[in-house]
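Here are my notes on the two-chain model you asked about. Have it open while you read, and go point by point.

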Amino acid sequence: MTTRIGVVTFPGTLDERDALRAIGLAGAEGVSLWHADRSLHQVDAVVLPGGFSYGDYLRAGAIARFAPVMELVVEAAHGGLPVLGICNGFQVLTESHLLPGSMIKNNHLTFVCREQRLRVESNRTAWTNQFSPGQEIVIPLKNQDGQFVADESTLDQLEAEGRVVFRYQGWNPNGSRRDIAGITNAGGNVVGLMPHPEHAVEPGFGPDTATAPRSGQDGLTFFASLIARLQGTG
Amino acid sequence: MARVIVDVMPKPELLDPQGKAVAGALPRLGFDQFQAVRQGKRFELEVSGPPAPALLEAARQAAVTVLSNPVIEDVVSVRFDEGAPSAAQSDTVPSAVDLPAALPQDPA
């Protein structure tokens, strides 16, 4: 049976169509979820896409956390449902307490949009099991409030438990603590990261690579990992 | 009508990028007396009826549940602003109740 991956749209979400397209290209079925939904429609996993939910008013992701659909996502995530939070989706996950820490404004105060090199620090998650440990990937990054912060004991715990999933390489684009670009929960089913895998899934529209311009498809592996995990092979 | 004021500030141990930007702009305008700036948020919660302790407690709950994120912010004050000007007068200069209670008094 085809893997069904839900993609939540909040008012102000931008990247839900890219996420749905990425899921389709990876061979799964994308299912649109609305912020006011009171059912997850039997999806096998959920993506919280990027954007500016509720205008990012109050704090990025702060109001989205209280959307009706998020109650269901939080409960299901505690039960093991794979959830991927991208950019604003990562912010929603921290505001929901599914992941520790928080995001504040970039340390240089400007919006940044670039093709970002990352190192895969953990391939023991539902969304990264098809990467090799230490593998370098390039996917787009675009944010204003991307500086990951947490207190020292939380950071030490994340490191000790192998829950840092991605680290910025080459340049830390937002001042994130310990160059952290993405983290996971204790179960490895919830992953949040600031860069955008859904924008690197299709030849002609991805980041540049050594072989050809705009040919980068490193983002596909996130969704291939999820499919492998659900089929028991990842 | 009463109004509850909730003040939220970024945690002291975190660099406040917005405050830092403001601190950079002040000397350029000739305000070189200020060494550092931190920028926080002030919420004004309007309630009908008289100020009651239960309202203050509800505001405290709202402050820690949604108005602030304890990972990056502290709720520094939750209080009634009983002398608040009505909406029609909101352009007027804030009244003295906005000033700290411990403002130095003229010794005269």
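What follows is a set of numbered points, starting with how to read the model.

1. Ground rules. This is a predicted model, so local features need pLDDT of at least 70 and side-chain atom pairs count only at pLDDT 80 or more, while totals for chains, interfaces and linings use all residues. Residues are numbered from 1 along each chain as its sequence is written, and chains are lettered from A and ligands numbered from 1 in the order in which they are written.

2. The sheet in chain A. Nine strands make an open sheet with mixed pairing, in the order 2-1-3-4-11-10-9-6-7. Strands here are DSSP runs of E of at least two residues, helices are runs of H or I of at least four, and both are numbered from the N terminus; two strands pair if DSSP finds at least two bridges between them. At the edges sit strand 2 (29–34) and strand 7 (136–143) of chain A, each pairing on one side only. From one strand to the next, the twist averages 25°.

3. One end of that sheet. Strand 1 (residues 4–9) and strand 2 of chain A run parallel, paired over six bridges. Within this pair, A:Ile5 stands opposite A:Gly30. Helix 1 (residues 16–25) of chain A packs on the sheet and touches strand 1, strand 2 and strand 3 (45–48) of chain A. The direction of this helix makes about 175° with that of strand 1; axes are lines fitted to C-alpha atoms, for helices over the stretch in contact, and angles run from 0 to 180 degrees between N-to-C directions.

4. The scale is simple: 20 or more other C-beta atoms within 10 Å is buried, 12 or fewer is exposed, and in between is partly exposed, with C-beta atoms placed from the backbone. Not counting residues up to four places away in sequence, A:Ser32 touches A:Val7, A:Thr9 and A:Leu20; contact is C-beta atoms, placed from the backbone, within 7 Å. A:Ser32 and A:Val8 are 24 residues apart in sequence but 6.3 Å apart in space, C-alpha to C-alpha.

5. Two phi values to look at. Most residues other than glycine have a negative phi. A:Gln42, however, has a positive phi of about 55° and sits in the loop between strand 2 and strand 3 of chain A. With 8 C-beta neighbours inside 10 Å, A:Gln42 counts as exposed. A:Tyr54 also has a positive phi, near 50°, and lies in the loop between strand 3 and helix 2 (68–78) of chain A. A:Tyr54 counts as buried because it has 21 C-beta neighbours inside 10 Å.

6. A:Cys113 is in strand 6 (residues 112–120) of chain A. It counts as exposed, since it has 11 C-beta neighbours inside 10 Å.

7. The cores. The largest nonpolar core has 71 residues, and A:Val46, A:Val83 and A:Phe223 touch the most other members. A core here is a set of buried Ala, Val, Leu, Ile, Met, Phe, Trp, Tyr and Cys residues joined through C-beta atoms within 7 Å. Helix 5 (residues 220–230) of chain A gives this core its largest share, five residues. A second, separate core of seven residues includes B:Val4, B:Val6, B:Ala59 and B:Val78. Back in chain A, the contacts of A:Val83 beyond four places in sequence include A:Ala45, A:Val46, A:Leu98 and A:Asn189.

8. Chain B on its own. Chain B has two helices and three strands, running β-α-β-α-β from the N terminus. Buried residues make up 14% of its 108 residues. Just after helix 1 of chain B, B:Gly30 takes a positive phi of about 95°.

9. Where the chains meet. Eight residues of chain B are in contact with eleven residues of chain A. On the chain B side, helix 1 (residues 17–28) supplies the largest share, three residues. By class, that side has six nonpolar, two polar and no charged residues. Nonpolar means Ala, Val, Leu, Ile, Met, Phe, Trp, Tyr, Cys and Pro, charged means Asp, Glu, Lys and Arg, and the others, Gly among them, are polar.

Methods
Contact = placed C-beta atoms within 7 Å.
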